[in-house]
Amino acid sequence: MDSLIVRTATKTILPLLLMFAIFLFLRGHNEPGGGFIGGLVAAAAIILLAVSGGVRHAETVTTRQTAQRMMAVGLLLAWLTAVGPILWGKPLLYGYWPPGWEILGIGKLGTPLLFDLGVFFVVIGMTLLVVLQLVDRVEKR
Amino acid sequence: MIEHFLALPVMIPLVTAVLIFFLRSRTQGIKVVSLVGSGVALLLALVLLGQVANGEVVAVQMAGWKAPAGITLVLDPLSGIMLALATLTGLVVQIYAWGGGLPRGREPMSFYILYQFLLMGVCGAFLTGDLFNLFVFFEVMLISSFGLMTLGSTRAQLEGGLKYVVINMVSSILFLSSLGIVYGTTGTLNMADLSVKLAAQSSPAVTAVLAMLFLVSFGIKAGLFPLFFWLPDSYHTPPPVITALFAGLLTKVGVYALIRVFTLIFLQDTDFTHGLILVIAGLTMFIGVLGAAAQNNIRRILSFHIISQIGYMVMGLGLFTPLALAGAILFVAHNILAKTALFLVSGIIEHNWHTDDLKKLGGLLRTSPWLAVLFMVPALTLAGLPPLFGFFSKYALLRAGLETEQYFIVFVSLVVSVLTLFSMMKIWNEAFWKPSPDVMESPGQPTPRTMLFSLAFLGVLCILFGVFAENVYELAHQAAAVVLNPELYQTAVLSDSIDPDLLKSYPQISADFGD
Amino acid sequence: MALMMALIVGTLFATGTYMVLRRNIVKMIIGLGLLSHAANLLLFTMGGLQRGAPPLLGEGGAKPELMADPVPQALILTAIVIGFGVMAFVLVLGYRTVQETHADDLDDLRTTSK
């Protein structure tokens with residue numbers, strides 16, 4: 001598929017979508033939003049790139065290898081924040097909120113944010129992997 | 001302190017999978033990491049089993065959110081035994097696969113990663129204390145098993161895999177729907193809480209519908225009559241290592257879920273539900289063994305035997321006495337060991353002679369007598385001959401059947417026993433005893449030692465558990481006693497729960513339909 | 001509202017079952033998708049329908065009586081994610097099967113049951 005309109009529009013929309021994804025991710029740990037939706041939006045942005053310019057074009061941004069690596073890193077991050085509390089005798093997934101750590105517009109910071117970051121990466125990686133796999137097959141025919 | 005380690009059998013396979021990913025193409029490193037991960041998981045499972053072997057029930061709330069709102073993990077002797085067996089099977093299969101047997105021309109990485117995720121799902125299913133997480137862990141397990149089933153992508157694998165995936169997906173959808181109905185009628189999915197609330201509920205019709213929905217969705221996963229047909233169609237298609245793993249783990253998780261749900265939650269009308277389960281058990285064991293008798297292919301015979309033996313396990317649940325449940329637990333245990341071993345034997349046969357068709361095999365007793373011994377021990381265990389492990393589990397089941405005066409099911413299970421022995425003897429006669437047919441090729445390369453070692457290990461366990469049957473029986477009896485006393489489970493989970501008055505200030509929305 | 005949802009869920013289950021029972025692989029996969037939507041919607045309806053009530057209460061927010069039950073929503077989100085993953089796998093598997101066997105009729109996939 002090749003369409004001038006989509007390609008031109010993508011250039012503008014892509015950075016906006018990515019920023020929106022990060023916004024959703026940061027907002028999510030105190031209010032509706034979160035790593036999962038953020039990850040989906042980010043993945044959608046990259047998929048848009050693939051739709052507008054073909055798989056080869058999308059692979060300038062991310063390859064399957066990178067997507068897999070994203071998943072692995074995300075899983076590791078989430079794992080560490082989940083298991084970490086056991087060392088301090090707390091149950092799994094226990095969230096620690098350091099007192100006084102607060103950022104304007106986001107709210108309090110705590111270890112759940114790190115877990116969410118892991119989820120963010122896993123979702124991006126997973127979605128891209130599936131889509132690249134399917135698109136790749138279609139293009140090869 | 002021990003309760004904080006409860007989550008580790010789930011978390012260790014996860015991190016092992018991630019570490020394997022970072023190693024990518026370094027095959028030797030992947031094998032080492034995977035083996036170490038499985039070993040750690042087994043050690044941990046044994047430690048946890050040791051903690052609850054005296055009949056304790058331990059519960060932990062994730063992130064400290066109290067039950068019934070939080071995510072609960074519960075360990076009782078039954079789940080301890082299942083955890084130990086699952087991780088043990090995993091470790092043995094890993095040792096077996098060290099020397100080969102994986103699909104050719106494929107990165108071994110995907111096998112090991114999928115295997116670790118499978119183990120994670122299985123362990124999680126044994127530990128979880130609420131129904132929704134049981135669903136989630138089922139799905140983790142199923143998605144990895146889908147991957148393993150089609151690893152290598154031969155035509156047969158794709159065909160078998162498609163059937164397996166579709167049937168299991170339908171079962172998951174049924175499970176999810178019944179979860180919706182459970183939540184709608186009781187407002188909780190925590191098993192302990194649900195067990196309290198359903199006992200107080202006065203609508204037997206809804207409970208009966210729920211019980212049947214759970215029976216069907218777990219029955220598909222366990223391979224009960226008449227929902228088993230996907231199993232023999234798909235289990236013989238992937239490489240034998242993977243079939244051995246599936247035979248040891250997957251259907252048993254379905255059986256575990258049945259035991260858990262029908263001893264903890266659906267106790268309102270045991271005459272009907274458990275009577276029905278008993279009928280299904282008889283049909284399952286009989287049809288399964290008949291199916292096996294008609295086959296001429298080692299792995300297909302063994303696949304049908306899985307179904308037949310699921311019948312015995314469910315029979316213990318249907319009889320519903322402490323002795324019967326202890327027998328069922330022992331049966332699960334011996335079946336996991338023996339079945340894995342038998343599939344691994346078929347793997348060695350396929351590795352050496354490139355076929356598992358009984359017509360093309362023969363004379364293996366002369367060419368590899370050790371393999372014959374390693375086949376004979378689990379085969380006789382499966383048939384239930386004394387003094388092997390399998391005998392004691394069958395004995396407990398039969399005695400429980402006689403005590404509850406269910407003579408018909410005892411009769412059926414005895415007939416099935418004889419037929420099981422018959423089909424084991426069929427494999428023995430055809431593959432090992434009769435002179436080798438002319439078409440048979442000689443083994444290409446020697447059998448890797450790790451394969452024989454893992455098999456010998458399983459065989460020794462089958463014998464040892466038979467010799468120390470008394471101690472093993474004690475443990476199973478303890479587990480059955482705890483399972484049959486739901487109050488222990490309820491207090492362990494709910495002793496530190498949210499104040500019910502606080503919950504009341506949040507109105508029971510589910511009771512109020514419409515605009 | 002509940003009646004309408006019940007009708008929709010029922011229709012989805014019926015069409016899903018019909019599609020799953022068809023012999024064409026693609027139609028069967030569509031049926032699986034419909035069935036999982038039906039299950040999600042059932043979960044949603046059974047969790048209680050409430051209009052215009054937020055599932056989360058901020059500080060000084062709405063009163064608990066005006067709150068929608070967040071549990072079914074969380075459950076459905078999880079179920080959708082899992083369904084999405086499985087669906088992606090089934091699509092790839094179906095595609096590979098058609099490629100490998102050159103048949104999109106389930107009756108032609110019988111080599112493993114002989």
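How many residues of chain A are in contact with how many residues of chain C? The close-up views below, taken from a predicted model, begin with that interface.

**View 1. Interface of chain A and chain C.** Seven residues of chain A are in contact with nine residues of chain C. About 780 Å² of area is buried between chain A and chain C, and carbon and sulfur atoms give 82% of that area. On the side of chain A that touches chain C, helix α5 (residues 111–140) of chain A gives the most, with four residues. Sorted by class, this side of chain A has four nonpolar, one polar and two charged residues.

View 2. Helix α2 (residues 25–46) of chain C holds C:N40. C:N40 has a relative accessible area of 9%, so C:N40 is buried, the cut-off being under 20%. Leaving out residues up to four places away in sequence, C:N40 touches C:I76, C:A79 and C:I80 as well as B:L176 of chain B.

**View 3. Cysteines B:C123 and B:C462.** B:C123 counts as buried because its relative accessibility is 0%. B:C462 is likewise buried, with a relative accessible area of 0%. Over all chains, the count of disulfides comes to zero.

Terms used: Residues are numbered from 1 along each chain as its sequence is written. Chains are lettered from A and ligands numbered from 1 in the order in which they are written. This is a predicted model: local features need pLDDT of at least 70, side-chain atom pairs count only at pLDDT 80 or more; totals for chains, interfaces and linings use all residues. Side-chain values use heavy atoms; hydrogens and water are left out. Helices (H or I, at least four residues) and strands (E, at least two) are DSSP runs, numbered from the N terminus. Buried means under 20% relative accessible area, exposed over 50%, partly exposed in between (1.4 Å probe, protein chains only). Contact means heavy atoms within 4.5 Å. Buried area is the accessible area (1.4 Å probe) that two parts lose on being put together, summed over both. Ala, Val, Leu, Ile, Met, Phe, Trp, Tyr, Cys and Pro count as nonpolar, Asp, Glu, Lys and Arg as charged, and the others, Gly among them, as polar. A disulfide is a pair of cysteine sulfur atoms within 2.5 Å.
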